[in-house]
Amino acid sequence: IESRSIGSYVEEEINLKGRLFVTAALRFDDNSAFGQNFNATAYPKASASWLISDEPFFHASSISTLRLRGAYGASGQQPGTTDALRYYGAVGGKKNGVGTTGVSFASIGNANLKPERSTEFEAGVDAGLFRDRLSIELTYYNKLTKDALILRDVAPSLGASPNQFVNLSEIRNHGFELAISSRIIDNPSVAWDLTLSGSTTKNEIVDLGEGVTPIFVGFYQQHRSGYPAGGYWAPTISFNDANGDGIIDQSEVSLSDSSVFQGSAIPTKEASLNSQLAIFGGKVVLGTQFDYRGGHKVDN
């Protein structure tokens, strides 16, 4: 199978007095993996950055640099090379008691298949304090993905492949990112840098698609509207030592009739602490890093 892509890109950058920077761009893409009924798509982007600390009116002795920034952009994820194609596979069979070879649908394809499209907005502030011995970066982001590519089960009665790629769901991710870097010690023989970074993420399937029932991903995970993508779902288990003998037997354990949401499979909180110590003028560097991930479930 041959895969081809064609595109064009135009960008304009503006610099005003070395303090305000504006960028705007537009990209056009077409790919052979798109369905026959879908044409090329366009992805715009724009960003702006304002270095307030260089403005004449700015007077703050403890703040070395202060920058406000914002950006908006669109991007896409193209389908797999054969996801939109209808093709056949060889199968064995018998005719009049004699072995023979036939064909059946290996994939029913999707002529309307189009790229997964994401738009993201972010805004943030960067600050350098105490002659840039301490720097802070804070960012808020909000990303919305529409026409997400989902491998959906197909009814066996169609006599075709068991599943099909379709553009269904709408997924949102938003949260904050923070990074604090500092130079604790700064002299020719010893330098010690300490960096703390962290982020929060909320993932939610806003809309799974009209008339689409929850999609199972493995045994415990599901895509379901109003919940994180691939979240864990399972019956709840409760028990009660009714006879007070200190032993829980089968009759004292109850299982819920239906599965309930257990938690996100995607970490909602992440943090990292990095320490780097350089001695003897940087000839010896000692580093230590601690990482944390939480707010989610792990199938174990």
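Which residues make a nonpolar surface patch of about 520 Å²? Select Ile 237, Phe 239, Ile 248, Val 253 and Leu 255, and the patch is on screen. Patches are made of residues with over 30% relative accessible area and no salt bridge, with nonpolar side chains (Val, Leu, Ile, Met, Phe, Trp, Tyr) joined within 5 Å and like charges within 9 Å. Areas are Shrake-Rupley values with a 1.4 Å probe, and for residues only the protein chains shown count as cover.

This is a predicted model, in which local features need pLDDT of at least 70 and side-chain atom pairs count only at pLDDT 80 or more, while totals for chains, interfaces and linings use all residues. Residues are numbered from 1 along each chain as its sequence is written, and side-chain values use heavy atoms, with hydrogens and water left out.

Colour strands S16 (237-239) and S17 (253-255) next; each supplies at least two residues of the patch. Strands are DSSP runs (E, at least two residues), numbered from the N terminus. Phe 239 sits in S16 and counts as exposed, at 60% relative accessibility. The classes are buried (under 20%), exposed (over 50%) and partly exposed in between, with a 1.4 Å probe and protein chains only.

Move to the open antiparallel sheet, whose four strands run in the order S13-S14-S15-S18. S13 (215-217) and S18 (260-263) are the edges: each has a single partner strand, so one side of each lacks a neighbour in the sheet. Neighbouring strands are turned by 50° against each other on average, direction ignored; the axes are lines fitted to C-alpha atoms, with angles from 0 to 180 degrees between N-to-C directions. Select S13 with S14 (residues 221-223): the two pair over three bridges, where pairing requires at least two DSSP bridges. Val 217 stands opposite Gln 221.

Now show the charged side chains. There are seven salt bridges, each a side-chain nitrogen of Lys or Arg within 4 Å of a carboxyl oxygen of Asp or Glu.

- Lys 45 and Glu 11: the closest N and O atoms are 3.7 Å apart. Lys 45 lies in S3 (residues 41-51) and Glu 11 in S1 (residues 5-16), so the bridge ties parts 34 residues apart in sequence.
- Glu 55 and Arg 19: N to O is 3.2 Å. Glu 55 is in the S3-S4 loop and Arg 19 in the S1-S2 loop, so parts 36 residues apart in sequence are tied together. Glu 55 is buried at 14%, as is Arg 19 at 18%.
- Asp 186 and Arg 183: N to O is 3.5 Å. Shared partners join Arg 183, Asp 186 and Asp 193 into one network.
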